Amino acid sequence: MKAAILGGTKGMGRSLARVLAERGDEVFLLGRDPEDLERSAQDLVPRSPQRYLVRHAACDLKRVESFGPALDAAAEALGKLDAVIVTAGLYHGQEELEEDTALALELLQVNFSNTIAFCEEARRRLLAGGGGTLAVFSSVAGDRGRKPVVIYGASKAGLSAYLEGLDHKYRADGLVTLCVKPGFVKTGMTAGLKPPPFAGDPDDVARIVARAIDAKKPLVYAPGIWRFVMLVIKNLPRFVMRKIGF
Ligand SMILES: NC(=O)c1ccc[n+]([C@@H]2O[C@H](COP(=O)([O-])OP(=O)(O)OC[C@H]3O[C@@H](n4cnc5c(N)ncnc54)[C@H](OP(=O)(O)O)[C@@H]3O)[C@@H](O)[C@H]2O)c1
């Protein structure tokens with residue numbers, strides 16, 4: 001597989017890039033920090049059985065104009081695109097977002113509207129090449145309106161709805177859209193937060209996502225236990241949701 005990955009320098013994206021490189025896939029990194037990109041590329045090369053050169057291009061989810069050129073650079077370097085993966089995203093706590101409207105708007109733009117704009121650029125290129133996989137990290141936070149993640153959850157709910165619609169619309173044309181819903185996973189994003197009982201590990205998530213890509217799944221919860229946790233949460237009556245802090 002030849003895959004471009006936005007967000008592969010940190011957390012679950014870094015783990016996924018490593019899993020793909022280690023199993024012989026050719027990876028191209030997209031991100032906003034050139035030094036981080038180069039460091040991550042150097043980390044991936046010795047993991048690749050074929051010692052594939054890992055190239056990279058600048059792509060910032062805050063800058064829509066960077067999306068097309070970054071994906072074109074990936075397609076040119078790889079020869080073709082089989083998969084585009086988006087793990088990049090932004091998190092801030094609810095209290096902070098309630099205090100700072102500019103920050104809330106930035107988070108909504110990065111996680112929702114600009115991620116969709118990036119996916120649209122990827123969709124056009126994958127379809128033009130005969131199809132492929134678009135795998136995007138949303139969150140369990142989008143499954144139900146919840147007190148601690150009112151705004152972050154809304155950004156991910158919108159993203160999940162978009163990804164489901166895209167899969168329905170373009171599956172017959174050869175585009176598989178995978179919506180990844182991580183539960184709480186221990187990465188830089190969650191550093192400083194108290195881990196809940198089912199907190200996951202980024203390497204485990206990466207293996208689950210790689211398998212879901214291979215199986216052409218439209219949706220995967222990672223770690224898998226979160227599918228059942230959210231099934232319960234989604235079915236709790238509103239009066240219970242108003243009382244609990246989850
Ligand atoms: N960790 C969790 O518990 C959890 C749970 C549910 C869902 N998620 C979602 O899963 C995804 C991965 O999370 P993670 O925990 O692995 O995050 P992470 O460790 O914080 O890594 C986030 C990645 O996104 C990149 N990024 C952030 N803003 C960007 C921008 N404007 N343009 C380009 N790249 C940008 C970061 O690059 P820089 O280094 O340049 O910032 C980094 O490579 C996110 O979408 C997150 O919302 C996470």
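Q: How many bridges join strand S5 to strand S6?
A: This is a predicted model, in which local features need pLDDT of at least 70 and side-chain atom pairs count only at pLDDT 80 or more, while totals for chains, interfaces and linings use all residues. Residues are numbered from 1 along each chain as its sequence is written. Helices (H or I, at least four residues) and strands (E, at least two) are DSSP runs numbered from the N terminus, and two strands pair if DSSP finds at least two bridges between them. S5 and S6 run parallel, Val-136 stands opposite Cys-179 in S6, and the number of bridges joining S5 to S6 is six.

Q: How many of the eight residues of S6 are buried?
A: A residue is buried if 20 or more other C-beta atoms, placed from the backbone, lie within 10 Å of its own, exposed if 12 or fewer, and partly exposed in between. Strand S6 spans residues 175–182 and is largely enclosed by the rest of the structure, because the buried residues number seven.

Q: Which residue of S5 is the bridge partner of Ala-83?
A: Strand S4 (residues 83–86) pairs in the parallel sense with strand S1 (residues 2–6) over four bridges, and Ala-3 stands opposite Ala-83 there. S4 also pairs in the parallel sense with S5 (residues 132–137), again over four bridges. In S5, the bridge partner of Ala-83 is Thr-133.

Q: Is Val-220 buried or exposed?
A: Val-220 is found in strand S7 (residues 219–222). Its contacts (C-beta atoms, placed from the backbone, within 7 Å), leaving aside neighbours within four places in sequence, are Leu-178, Val-180, Ile-208, Val-209 and Ala-212. Because 21 C-beta neighbours lie inside 10 Å, Val-220 counts as buried.

Q: What arc do the buried residues of helix H2 cover around the axis?
A: The buried residues of H2 (residues 34–44) are Leu-37, Ser-40, Ala-41 and Leu-44. They lie on the same side of H2, because the arc they cover around the axis is only 105°.

Q: Which residues are exposed on the other side of H2?
A: The buried residues of H2 are covered by elements including H1, strand S2 (26–31) and strand S3 (55–58). On the other side of H2, the exposed residues are Glu-35, Arg-39 and Gln-42.

Q: Where does Lys-216 lie?
A: Lys-216 has a positive phi of about 55° although it is not a glycine. Lys-216 counts as exposed because it has 12 C-beta neighbours inside 10 Å. The place of Lys-216 is in the loop between H7 and S7.

Definitions and conventions. The arc is that of the directions from the helix axis to the C-beta atoms. Two residues are in contact if their C-beta atoms, placed from the backbone, lie within 7 Å.
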